[in-house]
Amino acid sequence: MSDFSGLRLALTALEAQRRGVEVAAQNVANANTPGYSRQAVNLVNIGAPAVPALYSTYTGYGGGVKVDSVTRFRDQFMEIRAALEHGSMASLDQASTTMNNVQQLFNEPSDTGIQSQLSAFWSAFDSVANDPGNTAARTQLLEQAGTLATSFNSTSQKLTQLRTDTSSELGATVASINSMAQSLAQLNKAIKANTIAGLPVSDLQDQRDLLANKLAEASGASIRSSEFNQVDVVIGGTALVQQDRATSLVVDSSGPSTVLRWSTDNSAAQVSSGKAGGELTAINATIPGYLARLDAVATTLRDQVNQLHGPVSGSIPASAQDQSATPSLDFQLSLDGGGFTTATIAGADWSGAGGAAALQSSLQAAVDAAAGAGNATVTVTGGSGSPLAVSLTPAAGHTLQIKANGNDPGFSTLFGTTPVGSDGIGGRAFFTGTDAASLAVSPDVAGNPAAVAAGFAGGGPLDGSNALNLAELSQSTSGADSAYRQLIVQLGVDTQTAQQRSQIQDAATKNLDDARTQQSGVSIDEEMTNLVQFQHAYDAAARFMTVIDTMLDTLINHTGVTV
Amino acid sequence: MPSSDFRMPNSLLMSNSLSDLQSVFAKLTDLQDQAATLKRLRKPSDAPADVVSAMQLHAGINRNTQYATNIGDASAWLGTADNALTSAVSQLQRVNTLVVQAANASTDSNARAGIAAEIDAIRSTMISIANTQYAGRPVFAGTAAGNVAYDTNGNYVGISAPVERNISPGQRVQVNVNGDAVFGTPGNDLFTTLAQISAAVRSDPSQLTTLQGTLNTQTTQVQNQLAEVGARFQRVSAMQTQNSSDAVTMKQNLSNIEDADIAQVMMQLQAQQIAYQAALEATAKAIQPSLADFLR
């Protein structure tokens with residue numbers, strides 16, 4: 001044991017304590033750095049040699065202290081769980097945002113939503129019924145119908161726009177996933193090289209873990225530990241990042257539903273969580289679902305109104321079935337909005353058995369002659385003491401308008417229950433369109449107040465009874481109003497559920513994040529304590545060095561010296 | 001140094017304080033919104049079932065308002081018909097008296113000419129009664145488009161058909177009376193009878209007994225129609241009362257569902273404001289000091 005070994009021992013102490021102060025300073029400096037894990041020096045005392053050399057001597061006390069390593073406080077398993085929770089939080093947040101957007105664009109309950117428009121529309125029919133001769137009431141009805149159709153159009157269009165916006169957001173999300181995957185692979189590569197070289201990797205790992213977490217949040221990927229401190233990022237069983245190699249995802253919106261594909265082999269990527277997963281659900285399920293529901297409301301409205309407004313039908317009571325005294329019964333037909341041509345059948349006695357069949361065949365022949373064969377079908381049922389039910393249906397893709405031929409009673413006799421406008425023409429549809437986006441007041445009716453079929457062919461010029469029927473559609477339990485309310489209740493429940501699930505997941509994720517922060521976060525108090533602790537140890541080691549110095553001074557300068 | 005002890009790193013303290021403040025502030029904002037709009041329901045997700053009830057009530061109230069308009073119109077139509085028929089009956093009673101007078105053997109031809117002139121005058125009054133209009137529409141003309149139900153000669157030009165109004169969900173009331181139902185089918189109508197009576201008074205009083213029988217039958221018909229109009233008028237009046245009370249009930253229900261309880265909201269708002277201030281103060285105290293402040 002050398003006389004000078006005490007100095008060496010003091011030196012190791014000074015160095016170790018200084019390192020401790022530096023680490024505390026690093027921790028304090030990064031107290032607010034996202035993703036930073038606090039570090040600590042691991043000190044070990046320098047003791048006896050593990051395998052004593054031959055003839056070596058050992059005095060029994062230690063040789064000082066050394067810094068074994070600087071470790072970071074981070075639990076890799078917690079990181080893996082955090083990735084899952086963050087992925088599912090991002091997906092649920094996206095679902096909640098989507099539902100909120102959908103809810104906002106429906107704008108209910110309000111005085112301007114579709115519900116109020118419907119109420120006003122039905123009331124307008126009552127106004128026409130109360131005063132069928134008043135053109136103003138009819139014009140107002142058409143205005144109201146136009147506004148209602150526009151409300152359907154714009155709501156549908158806003159939903160489609162929301163889907164388009166979400167699609168472009170998905171594009172951005174996927175682009176950021178791909179770039180993060182590249183960065184992560186590079187960090188993995190550096191970590192591997194440093195680990196092999198025995199260099200510290202804590203700070204690189206912190207950066208990498210932060211990135212992995214963001215990647216999981218965006219893509220719903222899971223994280224797996226790999227060799228040399230690296231991590232793999234896996235989506236649905238396929239690696240997005242494997243050690244230092246990253247693949248990429250592409251958005252495929254060519255099919256009916258949007259999917260993400262692997263750029264390597266074009267197979268579908270199973271992205272069901274994360275922001276991207278949430279966006280896919282919005283694009284493929286949530287928004288189209290509400291579009292379909294809105295379409296169903298629009299078509300219900302169209303069908304119910306048209307069913308009362310547009311049919312060509314008649315009901316001939318038993319008392320009027322013997323028309324043998326009438327030489328001919330005339331009416332006029334117009335196919336697809338063309339000019340009117342007169343159809344005529346000879347009056348006959350249709351009251352007996354077989355009357356229905358006879359009337360059907362002569363009517364069919366007359367209609368074929370006037371509107372062309374195959375363009376419309378006549379059906380007659382009943383008779384033999386009960387009323388004859390007559391109906392005339394245009395073939396698919398055709399419209400058929402019908403009116404009286406001058407003062408000839410043929411139209412009102414044969415097709416008395418046909419709703420007609422104040423111009424006497426029946427057979428017009430009120431609404432056209434195949435879905436909410438294309439719902440419109442039919443061109444036959446739009447801008448033509450006289451075309452509103454307020455009454456029936458057999459009912460006189462000021463008959464408003466069909467408008468009464470139309471107004472009462474507001475009370476229909478299978479009508480547009482109730483279908484729309486069902487849509488809104490569904491919307492409310494879905495939004496509420498999405499919000500609650502997102503809140504629950506937020507809380508769970510926050511708990512986990514708190515646990516991570518608790519382990520990895522920097523506490524200033526703690527670092528101050530460490531600082532004081534190392535400072536005191538440093539002071540003491542310096543003091544120790546002074547003592548050795550004094551001892552050596554005594555030994556060298558004062559021992560054996562005679563004064 | 002690594003330990004499983006509970007650590008409170010500064011960033012955790014910050015994030016916890018922030019999220020606590022945020023949740024208190026979110027509740028405060030919601031209450032302020034309720035207090036400002038005085039509505040409890042602002043979007044479907046606030047309470048889906050209640051929102052739908054509220055929408056249903058809104059639609060119901062709108063519909064009910066339209067029914068009230070319809071009922072008002074129906075009541076005016078029936079009132080007009082009722083007045084017209086009442087005066088028609090009194091005119092017919094006067095004719096009856098005149099016929100009895102004319103049939104009396106002591107009445108001479110001059111006096112009969114006078115009676116006949118009065119009956120002619122009553123006939124034209126009756127025609128104008130039959131052409132009574134409401135809002136420009138003759139109430140006895142059915143669904144015909146013209147201005148009159150009977151022309152100047154007493155010929156029916158109306159189209160007999162019911163004119164109806166929606167007065168409550170699924171309920172309609174006929175608001176018109178068809179001319180032929182009141183005054184008799186063409187050829188067998190009151191105006192023909194009155195003309196025949198006038199002719200008989202002038203030249204052939206012996207026919208008066210038969211004609212008086214016909215007149216009585218036709219007067220009864222008018223009275224029957226008057227009774228029916230009265231009954232319908234009653235029904236419409238009852239519906240009017242029902243309609244107003246429905247409106248009140250629905251508005252009350254809507255308010256119960258949709259409106260915020262002001263007292264409750266204000267109390268909660270006050271409490272939440274205090275909670276928010278407390279949270280702010282607590283946070284301010286907690287995040288300020290660290291050990292660094294106390295080391296020299």
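**Helix H1 of chain A**

I started with helix H1 (residues 5-29) of chain A in this predicted model. I take helices (H or I, at least four residues) and strands (E, at least two) as DSSP runs, numbered from the N terminus.

Before going on, I noted the ground rules: residues are numbered from 1 along each chain as its sequence is written, and chains are lettered from A and ligands numbered from 1 in the order in which they are written. The model being predicted, local features need pLDDT of at least 70 and side-chain atom pairs count only at pLDDT 80 or more, while totals for chains, interfaces and linings use all residues.

Which residues of H1(A) are buried? I listed A:Leu9, A:Ala10, A:Ala13, A:Ala16, A:Gln17, A:Gly20, A:Val23, A:Ala24, A:Asn27 and A:Val28. Buried here asks for 20 or more other C-beta atoms within 10 Å of a residue's own, exposed for 12 or fewer, and partly exposed lies in between, with C-beta atoms placed from the backbone. An α-helix has 3.6 residues a turn, so residues three or four places apart point the same way. I then looked up what the buried residues of H1(A) pack against, and found strand E1 (39-46), strand E2 (64-72) and helix H11 (524-558) of chain A.

**Strand E13 of chain A**

Next I went to strand E13 (residues 388-394) of chain A. Its covered face holds A:Leu388, A:Val390, A:Leu392 and A:Pro394, and its uncovered face A:Ala389, A:Ser391 and A:Thr393. For pairing, DSSP must find at least two bridges between two strands. E13(A) pairs with strand E9 (residues 312-316) of chain A in the antiparallel sense over five bridges, and A:Leu388 is the bridge partner of A:Ile316. Strand E12 (residues 376-382) of chain A also runs antiparallel to E13(A), joined by seven bridges; there A:Thr379 has A:Ser391 as its partner. E12(A) and E13(A) form a hairpin with five residues between them, and A:Gly383 in the turn has a positive phi of about 90°.

**Chain A as a whole**

I counted eleven helices and 18 strands in chain A. Its radius of gyration, taken over C-alpha atoms, is 43 Å, whereas a compact globule of 563 residues would have one near 24 Å. The globule rule is 2.2 Å times the number of residues to the power 0.38. The C-alpha trace spans about 165 × 45 × 35 Å along its principal axes. Buried residues make up 42% of the chain.

**Chain B**

Chain B has seven helices and four strands, in the order α-α-α-β-β-β-β-α-α-α-α. Its radius of gyration is 39 Å, well over the 19 Å that the globule rule gives for 296 residues, so chain B is more spread out than a compact globule. The C-alpha atoms fill a box of roughly 140 × 30 × 25 Å along the principal axes. I found 33% of its residues buried.

**Where the chains touch**

Notes. The expected span of a helix is 1.5 Å times one less than its number of residues. Two residues are in contact if their C-beta atoms, placed from the backbone, lie within 7 Å.
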